[in-house]
Amino acid sequence: MKTLIFKKAQLFSIDGLISIFFCIVMILFIMSLWNLYALRLNENLDSEEMQLLSFQITDVLMKYEGSPSNWQNNPENVSIIGLRDETGKLDEQKLNTFIQMNYTEVKQILNIERFEYQMKIRDANGNVINSSGINASINAEQVVSTVRLSLIGNITRQIELTLWK
Amino acid sequence: MMKNKKGSIAFEAVTIIFIIFMLFIGSYAVYQQKARELILSKAELDERNDCLHIANAVTSMTMMPGASLNFTIYNAMTVEPAGQRIQSSSSFCTFPVKNIRNSTGSSDRFTVNAGRISITSEDGYVTISNT
């Protein structure tokens, strides 16, 4: 007599569950990767905006006389801060006035209230001669610096503007 | 004698197929959501690009009295001269100068439509207008 016994197959129970588990893990991994890249994209956008603002501000400061052009005599009424003199060099009096101006007031005029800033004047060897603003915190999320070279009188100076938040 | 028992594979198969089906539905929902996010991000980046283009031009024009510049923007922008800010529907940018006005000479908030725009610098002011 021939006896045939049909046993239950185990294919779905183990293999199926393992493959579903890996499938879920893969989906979760891809989703977290997506979110990570979205976060990095936003950080890059913030950083690029700060770089652009930093370039624009140093551009205006170093290439424009300011509005009114003799604003250093009455800094309360300044509309646009510019440090250039008629010859294209930096005006030392304007620079000193700018450095002594109120920190919050400067942020308002330059429209950088969302950020903090520091401006350093260095000599040709990189030694700091003068500075204004607040030094970038160790815990700052983003820090962007722009360095420009200019003449004050006939002496080369480095103007460094740092924006941070 | 033949023993012909029914296997329980039918129930397991249905369960597994259900789980796989739910997984596909879930994946599709995630895909749809991410696709929507991507479209929004692209729109935001396009608007931001136009915004920064104008902000950059305005700042540069401040330093070049008498100069003018024409270019195309693809999204409408609202310029707030007092707030030194340019706003679009999902993005914004700022600029460090204050001397902005529209073609009528007003420094109140105004809108620039998508299309060719002209930026000119005269009389100490930078004028933004559609051409």
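**View 1. A nonpolar surface patch on chain A.** A:Met26, A:Phe29, A:Ile30, A:Leu33, A:Leu36 and A:Tyr37 make up a nonpolar surface patch with about 590 Å² of accessible area together. Such a patch joins nonpolar side chains (Val, Leu, Ile, Met, Phe, Trp, Tyr) within 5 Å, from residues with over 30% relative accessible area and no salt bridge, a salt bridge being a side-chain nitrogen of Lys or Arg within 4 Å of a carboxyl oxygen of Asp or Glu. Areas are from the Shrake-Rupley method with a 1.4 Å probe, and for residues only the protein chains shown count as cover. This is a predicted model, in which local features need pLDDT of at least 70 and side-chain atom pairs pLDDT 80 or more, while totals for chains, interfaces and linings use all residues. Residues are numbered from 1 along each chain as its sequence is written, chains are lettered from A and ligands numbered from 1 in the order in which they are written, and side-chain values use heavy atoms, leaving out hydrogens and water.

View 2. A:Phe29 counts as partly exposed because its relative accessibility is 48%; buried means under 20%, exposed over 50%, and partly exposed in between. A:Ser13 also belongs to helix α1 of chain A, and is buried at 16%.

**View 3. The largest nonpolar core.** Among its 28 residues, A:Leu61, A:Ile81, A:Leu83, A:Phe98 and A:Ile112 touch the most other members. The largest share, 5 residues, comes from α1(A). A nonpolar core is a set of buried Ala, Val, Leu, Ile, Met, Phe, Trp, Tyr and Cys residues joined through side-chain atoms within 4.5 Å. Apart from this core lies another of 25 residues, including B:Phe95 and B:Val112.

**View 4. Helix α2 of chain A.**

**View 5. Backbone features in loops.** The peptide bond from A:Ser67 to A:Pro68 is cis, with omega near -5°; A:Pro68 is found in the loop between α1 and α2 of chain A. In chain B, B:Gln84 is not a glycine, yet has a positive phi of about 50°. B:Gln84 is buried, with a relative accessible area of 2%.

Terms used. Buried means under 20% relative accessible area, exposed over 50%, partly exposed in between (1.4 Å probe, protein chains only). Helices (H or I, at least four residues) and strands (E, at least two) are DSSP runs, numbered from the N terminus. Patches are made of residues with over 30% relative accessible area and no salt bridge: like charges are joined within 9 Å, nonpolar side chains (Val, Leu, Ile, Met, Phe, Trp, Tyr) within 5 Å.
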